[in-house]
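User: Could you help me learn to read a protein structure? I would like to start with its surface.

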Amino acid sequence: IAWHHHAYRLCDKGWVQEIDQNLICQDLIRFGEIAQQFSLTTVRMGWGWHTNKSMSLMNDLGFKIDSSAIPRPCYIWENKVKDWSRASNKPYHPSETDYQVSKEPSLNILEIPITTTSIHSPGDDDGILRYLNVAYHPHVFDKALSQLDDLSLVVSITHPYEFLPISASHPLYGFNAQVLRDNLKYAKNLGY
């Protein structure tokens, strides 16, 4: 169980993602203390947002593991305040001067990236990197998992609603609980 911080602010359009680094760091200090009261030592920032300042702060607050990295290019349809384009799929201790890479001197916090691989959906250009999700149709999940060259650690993102039935089909998501069972069985058969 980890702390999953989302920073929001209210504007005339409603609640939107906060992008002011200083305000977010103030939130991290305030809510980080509460998270630690519950013995949480692992964190994942909402939307995969991080900066050198916020990563250093999480380290200074004593968090042991961060799993915010989504290693892939900055795609045009994504939120432009997130950048993990230089990060790899392998765990690393972030550099004190660049949270995306392992370089000395490094922080004590361990970044364990969310596993990304090439996953094609109709209408895509080739080579779109997506995070691995156990809610994908089994044939999509199996292909994505088989593309990974280092199977020692896989980190997936899944949201509960992705297992609830919907009226239309989706090219990537199964939207039923059976896909979870099938995908976990497949991963277990590979040795996870």
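Analyst: Happy to! The accessible surface of the protein chain is about 10800 Å², and 56% of that belongs to carbon and sulfur atoms. Such areas come from the Shrake-Rupley method with a 1.4 Å probe, and for residues only the protein chains shown count as cover. Please keep in mind that this is a predicted model, where local features need pLDDT of at least 70, side-chain atom pairs count only at pLDDT 80 or more, and totals for chains, interfaces and linings use all residues. Residues are numbered from 1 along each chain as its sequence is written, and side-chain values use heavy atoms, with hydrogens and water left out.

User: What percentage of the residues of the protein chain count as buried?

Analyst: Buried means under 20% relative accessible area, exposed means over 50%, and partly exposed lies in between (1.4 Å probe, protein chains only). Here 42% of the 192 residues are buried.

User: How many disulfides does the structure hold?

Analyst: A disulfide is a covalent bond between the sulfur atoms of two cysteines. To count here, the two sulfur atoms must lie within 2.5 Å. This structure has zero disulfides. Cys 25 is in none, and its nearest cysteine sulfur, that of Cys 74, is 19 Å away.

User: Is Cys 25 buried or exposed? And what about Cys 74?

Analyst: Cys 25 counts as buried because its relative accessibility is 5%. Cys 74, at 42% relative accessibility, counts as partly exposed.

User: Which secondary structure elements does the protein chain have?

Analyst: Helices (H or I, at least four residues) and strands (E, at least two) are DSSP runs, numbered from the N terminus. The protein chain has four helices and eight strands, in the order β-β-β-α-β-α-β-β-β-β-α-α.
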